[in-house]
Amino acid sequence: MAEEKDRLNIRLHVYDTDIPVKVDREDEYFYREAAKLISSTVNKYAEVFKTKKSEKEILYMAMIDIALHYEKEKGNNDTSEYDNILSSLTKEIERVL
């Protein structure tokens with residue numbers, strides 16, 4: 001765990017709310033970018049559905065949108081198949097040698 005001196009108290013503006021957060025200094029940028037992503041995604045859905053859906057539904061739509069992108073990206077970065085092939089090839093090479 002990071003030492004206390006490497007932590008910052010920051011305020012993130014997320015959509016229409018300011019949220020105090022204590023973060024590791026090296027993660028501050030990522031927290032701020034995440035807050036911007038959430039705000040812009042909620043704003044995108046609010047523009048379209050503000051009069052048609054509840055605020056709760058709009059927030060859920062934004063969460064699903066962000067989670068979908070995350071899951072797709074996680075799938076693109078899944079190297080387990082390649083790791084298995086490399087492991088199999090390594091075993092085969094070691095066996096032959």
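I looked up Tyr-29 and Phe-30 first: both are exposed, with exposed meaning over 50% relative accessible area, buried under 20% and partly exposed in between (1.4 Å probe, protein chains only). The model is predicted, so I took local features only at pLDDT of at least 70 and side-chain atom pairs only at pLDDT 80 or more, while totals for chains, interfaces and linings use all residues. Residues are numbered from 1 along each chain as its sequence is written, and side-chain values use heavy atoms, with hydrogens and water left out.

I then searched the whole structure for aromatic pairs and found two. Rings of Phe, Tyr and Trp (its six-membered ring) pair if their centres lie within 6.5 Å; planes under 30 degrees apart are stacked, over 60 edge-to-face, and the rest tilted. Tyr-29 and Phe-30 are edge-to-face, at 5.5 Å centre to centre and 80° between the planes. Tyr-45 and Phe-49 are stacked because their planes are at 15°, with centres 6.4 Å apart. These two residues are about one helical turn apart because they lie four residues apart in helix H1 (residues 28-49); helices are DSSP runs (H or I, at least four residues) and strands likewise (E, at least two), numbered from the N terminus.

Next I looked up nonpolar cores, which are sets of buried Ala, Val, Leu, Ile, Met, Phe, Trp, Tyr and Cys residues joined through side-chain atoms within 4.5 Å. The largest has seven residues: Leu-8, Ile-10, Leu-12, Val-14, Val-21, Val-23 and Ala-35. Strands E1 (7-14) and E2 (17-24) each give two or more residues to this core, and E1 gives the largest share, four. Another core lies apart from it, with six residues, among them Tyr-15, Val-42, Ala-46 and Ile-58.
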